[in-house]
Amino acid sequence: MTTVDVRRPAGRGNSVSGWSVRTIIAVVVAIFVLFFVIPIVWLLLATTKSAHALIVGNPFQPGSLGDLAANWTQLFAFQDGAVTAWVGNSALYALGALVITLIASIPAGYAMALTEFRFRRLLLVLTLVVMLIPNTALVLPIFLELNVVGLIGSPLSVILPMSFFPFGVYLTYIYFSTSIPRDLLAAARLDGCGEFQVFTRVALPLAAPIVALVAFFSFVQNWNNFFLPFVMLPSSEGYPIQVGLTSLLASTPAFNPSSAGAQSVQLPTLALATVISVLPVLIVFLFAQRFLVAGMTAGGTKE
Amino acid sequence: MTVMNETGPSATTAPRGGQGERSDAGERSAMSYGFVAPYTALVIAFGVLPALYAVFLAFTDSEGGFAGIANFTKVVSDFRFLPAVAHVALYLVIWLVALVVLVSFLAVVVHAVRVRWLSRTLRFVFYLPGALAGASSVMLWLFVLDPTASPVSGLLHLLGFSSFVQVIVPANLPPVFAIIAFWTGAGGWIVIMYGALNNISPDVIEAARIDGATAVQIARRIQLPMLRKWISYMGIMSLAAGTQLFVEPQLLSQASNAVVPNDYSLNQLAYQYAFQQNDFNGAAAISLLLLVIALALSAVFVTRGGLFEKD
């Protein structure tokens, strides 16, 4: 990784204006750092406060563990433990789709990169085109289709469409076509491996990084998906947590005054729900940072 | 978050099949079909078929008879259609301009930072909000925009807002959605641009510096032109994704007791057609319009962009 010095070459005149330009840039960047950081820090702190302290207190003063526990209790008591069920649903959908995605994409990317068959090119172009379409564009058409076959409301109506992950196939395709020498496969064939064994014994063990990368992107995208489950799942029991948040929001008097009542949700509780809704993804992000950045620029760093 | 863009302009071509013996090749290609079968089934079931079915619905009436373009004229002349187009268009203009200008600027600056830990920390800080996508990030911004609870309530009061309803009056929504989208998505693009900047040969930069170019000149004359391909990629992908606006207005509509209408964006209008009016043909017509826009943008990119390898 090369870095470039912003400093101007020595000996050129207007060093004062150079200095002030750099100061201005530093201030602007600092403002953006605050812009990106403040909401997250505030959200984490908000979960430790009482509803009263959240509104009257210093926004950046931490609350207490007792208040965190109280918020936790209120959140998980909401509609007799609905939140637990929603988190469970999210896990079921995201992991179910992840497994099918891996089973479908890794062999497909491998075959498209390293073998020949009819329609290979067609499949590749279709993959590219669909990959570049925002995934929400097909949600209503898929709803209309699944409505015909009567799958609406079933977990499959979410898991199956999520499993279709052309970006994963594309990543796998790029990986196999650039990182695995063909000679290796040919050698395995000479040693008497069948085609299936070439894949499972030679290609797959070498593909661990790409399997992890596809798994990561698939999981993050599925866990965060809102529109698809929102459309496919009419009943609250089937919601993933992302959609469940809307129910919590609707029960928060601060945002929806008509909802004041026994089931009402306080602001810090809603903040806690927001944190819980992103916790798995946040953890993955924190632990996978280096790997993630490497993946994000995987293509970009080689010419 | 736009997850679909983390790939680079890798220029290599897939090695082509060897000229093995005929029976080998036969076995190989039979096995290939096995390898791609599950994925192909998914492509057909959730890519091709829904698109075709939407086409069918869009051109038929509720009895299944051919309707010509009646569904399209119906939705386009719906009194909610043009306002929805205007809302989405305004949001897109603000968001795209902010994205292109600020992402390029921040990427160049982060790239110019010499201290390694600082550069890495900056990228991480910009990137982290990407973990909060969809409903979660909207939820977070509901708090931030509510002057009673907001961590920046001082700033909101300074801007003349004293209640949540004042913040989300319809005129403010396009910038509000643009801010949310920028907060969530910009970091991923900054990291991508940073990677692209690393691709520029240090020799070129060094030569420019020896010739007396300042950092600003280097950015303007060398770095930004070399980023052009990536910037246009970002613009096209964000444009396609932005036309799909749904979660943000949907949640705000709910949070504001319908101060924000539930037919603010095109996708919401399509949703209303399908679920409030039980008019699947109308819903399909709107979806198809949006799909055609997305398809056209993506097709332009696949065929012209040169960013993706399709061998």
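Figure 1. Helices, taken as DSSP runs of H or I of at least four residues, and strands, taken as runs of E of at least two, are counted here for chain A of a predicted model, and the count comes to 15 helices and zero strands. Of the 303 residues of chain A, 47% count as buried, and among its contacts between residues at least 6 apart in sequence, 71% join residues at least 24 apart.

**Figure 2. Helix α10 of chain A, residues 195-206.** The 12 residues of this helix should span 16 Å at 1.5 Å a residue, and because the end C-alpha atoms are 16 Å apart, the model agrees with that expectation. Buried in α10(A) are A:Glu195, A:Val198 and A:Phe199; seen down the helix axis, the buried residues fall within an arc of 95°, so they line one face of the helix.

Figure 3. In the model, residues 156-177 of chain A are 91% helix and 0% strand, with end C-alpha atoms 33 Å apart, while residues 198-219 of chain A are 95% helix and 0% strand, with end C-alpha atoms 28 Å apart.

**Figure 4. The contact between chain A and chain B.** In this view, 104 residues of chain A are in contact with 105 residues of chain B. Helix α1 of chain A, residues 15-46, gives the most to the side of chain A that touches chain B, contributing 11 residues, and the residues of that side divide into 72 nonpolar, 23 polar and nine charged.

Key: Residues are numbered from 1 along each chain as its sequence is written. Chains are lettered from A and ligands numbered from 1 in the order in which they are written. This is a predicted model: local features need pLDDT of at least 70, side-chain atom pairs count only at pLDDT 80 or more; totals for chains, interfaces and linings use all residues. The expected span of a helix is 1.5 Å times one less than its number of residues. A residue is buried if 20 or more other C-beta atoms lie within 10 Å of its own, exposed if 12 or fewer, and partly exposed in between; C-beta atoms are placed from the backbone. The arc is that of the directions from the helix axis to the C-beta atoms. Two residues are in contact if their C-beta atoms, placed from the backbone, lie within 7 Å. Ala, Val, Leu, Ile, Met, Phe, Trp, Tyr, Cys and Pro count as nonpolar, Asp, Glu, Lys and Arg as charged, and the others, Gly among them, as polar.
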